[in-house]
Structure formats: C-alpha cells, structure tokens
Amino acid sequence: MLNFETTVQDSKSYGDLTLSEVEPILKINLRSNKREFSTKIGKILSIIPPIEANTSSSNEDYSILWLSPDEWLIYSNNKISYEQQNLLEENLFKNISSINQGSVTNVTDHWVMINLKGSKIYDLLSKSSPYDFKNFKMKKGSVAQTLLNHTDVILHNIDDNNLNLFVRRSFSEDLWLWINDSARFL
Amino acid sequence: MFIINCPYCGERDQTEFSSGGEAHIVRPKQPTELSDDEWAEFLFMRKNIKGIQFERWNHSHGCRKWFNVVRDTSNDKIHAVYKMGEKPPVNK
C-alpha cells in the first residue's frame, strides 16, 4: 500500500510569493529508447513525450517532462485519487513494461511536488541555484534539472511566475525549510 | 568554476557535473594474459598533464548522461564536447 503522507504538508505565503505542497499527484518515470514507445504513450495519454531537451508536453490532465534523451517524467496536473493512479500505472505497465518497450516506474512517493507562485520566485531560486533562469522563465513549459541549495530538483515552468518544483522525499523537509527561510528575506 | 556545454541539456554550471577522469582508455581484450604491471598500468595509471586533456564527465545533477570533454587543464578552457562513442573532434 502506498503511503502518501509527506513531510511538508504545508502552504505558506510571503507577500507576493506563495509556496504550497500539492498532493496526491501521480508521478511516473518512463525510460525507453524504442521507436514505438512514443506512439504507445500517445495512445494512452494523448500526449507525445517531448524529444527536444528541457521541454515538456501537456494536455488537460497530464504533463510529460523531458529528463534525458531516454527518460521522461509523467505527472498529473490535478490531484487524482489512489484508484485512478493505479489504473493508469497498470495500463502503462501492461502496454510498455510487460512487452519490453521500456520501463514504467511509479515514483509518486519518490518525488514531492511544491508549487511556487509569485513575481519573486526566480529571485528566490537564484539565491542558491547555479542555473541561468533567463531562458527558462521566458518559455512556458520549460523543464530544468538542477541544484537548489545543493539538492537535486526538477523545475517545470507551467505559466508566468508559476512553477512546479520536484524534490526527493528525503530532501523535501530540508529544502522546504530552506525555501521558507530564504523567502523571508526577499 | 567554469561552464560546461552538456551535449544533451546545453550550457550548465560545473557544479552540476562530476568528473570521470581520463577518457579513451581501452580495456585490454585478454586481461588474464597480462602481467601484473601491465594490468596495473591499465587500471591505475592516469595522465595528469598541464595542457590539453581528454576527459569523461557526467551530468550528475541534470540528465545523468556521460560524455567526453577536451579541456585545457592550465586555464580550464573547454575546446570540445562530444558524446560517448564519438571520435574526438580534435586530434588526440
């Protein structure tokens, strides 16, 4: 039985900046270098995994983030029930993993998703990230895997001044405390 | 500190990468036929030159892919970046 209890479970606001953990969100890691893989994903989710680096593709329900030339992360744009998550995972597993077209791994409990909103989010991230956000913030749908306060994060630009940050569960509490501490001084 | 142009993700800060040492070291085909000295030569001995060096790098905090870099160790200038399995774009 999956445990969706997280360590953060909080929402904070600092002037224009709003931080909140969003859950339960389905997260699935995909790995494949097979040709038919993209069409299979397209049939199941109605989105094709992006080929271009640092980009994503989305529809109403799901987003697929490019992580590496043969690795993607699917996550649900809205909160979805445990039963629905299981159905989609099983469907993907049946059509991809079980016929050796790639690997499907449920990483819902591996990543914690934190939503950051407000005009000062890039000031906050720039405090402790080596990444250059110039192009990232201009392009809706950009994806970046980088470091934030020495912690691995995946960033997804979903709209102007609105992004989702994925952090590993074991680092989430530490990063959450750092974000809150830094946000006070913006 | 310097910027590395990852062949998959683009330009990123060096802190996102980890160095994997000298590149293009070929594993001997028949290790059992080698003397201890020859095996040690392959296993441990690495060049540490001042000047242009061929290195392996891993984008460990990004796409997690390995690639090769031609770097001048005296000034950290990167002359070329190329994927694993590709031939060096400058003479080795």
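**Exercise 1. State how strands β3(A) and β6(A) pair and over how many bridges, then describe the surroundings of β6(A).**

Step 1. Strands β3(A) and β6(A) are antiparallel partners, joined over five bridges. Strands (E, at least two residues) and helices (H or I, at least four) are DSSP runs, numbered from the N terminus. Two strands pair if DSSP finds at least two bridges between them. The model is a predicted one, in which local features need pLDDT of at least 70 and side-chain atom pairs count only at pLDDT 80 or more, while totals for chains, interfaces and linings use all residues. Residues are numbered from 1 along each chain as its sequence is written, and chains are lettered from A and ligands numbered from 1 in the order in which they are written.

Step 2. Within this pairing, A:Ile28 has A:Ile74 of β6(A) as its bridge partner.

Step 3. β6(A) also pairs with β5(A), in the antiparallel sense and over six bridges. Here A:Leu65 stands opposite A:Leu73 of β6(A). The two strands β5(A) and β6(A) make a hairpin, with two residues between them.

Step 4. Strand β6 of chain A covers residues 71–76, and five of its six residues are buried. A residue is buried if 20 or more other C-beta atoms lie within 10 Å of its own, exposed if 12 or fewer, and partly exposed in between, with C-beta atoms placed from the backbone.

**Exercise 2. Determine which residues have the most contacts inside the largest nonpolar core.**

Step 1. A nonpolar core is a set of buried Ala, Val, Leu, Ile, Met, Phe, Trp, Tyr and Cys residues joined through C-beta atoms within 7 Å.

Step 2. The largest such core has 52 residues. Those with the most contacts inside it are A:Leu65, A:Trp72, A:Ile74, A:Ile114, A:Leu165 and A:Val167.

Step 3. Leaving aside residues up to four places away in sequence, A:Leu165 touches A:Ile114, A:Leu116, A:Val153 and A:Leu155. Contact requires that the C-beta atoms of two residues, placed from the backbone, lie within 7 Å.

Step 4. For chain A as a whole, 35% of the 186 residues count as buried. Among contacts in chain A with a separation of 6 or more, 57% come from residues 24 or more positions apart.

**Exercise 3. Describe the open sheet of six strands in chain A and identify its edge strands.**

Step 1. The order of the strands is β1-β2-β8-β11-β10-β9, with antiparallel pairing.

Step 2. The edges are β1 (11–14) and β9 (143–148) of chain A, each of which pairs on one side only.

Step 3. On average, neighbouring strands of the sheet are turned by 25° against each other, direction ignored. Axes are lines fitted to C-alpha atoms, for helices over the stretch in contact, and angles run from 0 to 180 degrees between N-to-C directions.

Step 4. Helix α5 (residues 169–183) of chain A packs on the sheet and touches β1, β2, β8, β9, β10 (151–159) and β11 (162–168) of chain A. The direction of helix α5 makes about 135° with that of β11(A).

Step 5. One pair in the sheet may be examined in detail: β2 (residues 17–21) and β8 (residues 111–117) of chain A are antiparallel and joined by four bridges. In this pair, A:Ser20 stands opposite A:Asn115 of β8(A).

**Exercise 4. Characterise the side of chain A that touches chain B.**

Step 1. Ten residues of chain A are in contact with eleven residues of chain B.

Step 2. On the chain A side, β5 (62–68) and β9 each supply at least two residues. β9(A) gives the most, with three residues.

Step 3. By type, this side divides into five nonpolar, four polar and one charged. Ala, Val, Leu, Ile, Met, Phe, Trp, Tyr, Cys and Pro count as nonpolar, Asp, Glu, Lys and Arg as charged, and the others, Gly among them, as polar.

**Exercise 5. Locate A:Pro24, A:Asn100 and A:Asn161 in the loops of chain A and describe their backbone.**

Step 1. Most residues other than glycine have a negative phi, and most peptide bonds are trans.

Step 2. A:Pro24 lies in the loop between β2 and β3 (27–31) of chain A. The peptide bond from A:Glu23 to A:Pro24 is cis, with omega near 5°.

Step 3. A:Asn100 is placed in the loop between α2 (82–95) and β7 (103–106) of chain A. Its phi is positive, about 55°, although A:Asn100 is not a glycine. A:Asn100 counts as exposed because it has 9 C-beta neighbours inside 10 Å.

Step 4. A:Asn161 lies in the loop between β10 and β11 of chain A. A:Asn161 has a positive phi of about 55° although it is not a glycine. With 15 C-beta neighbours inside 10 Å, A:Asn161 counts as partly exposed.
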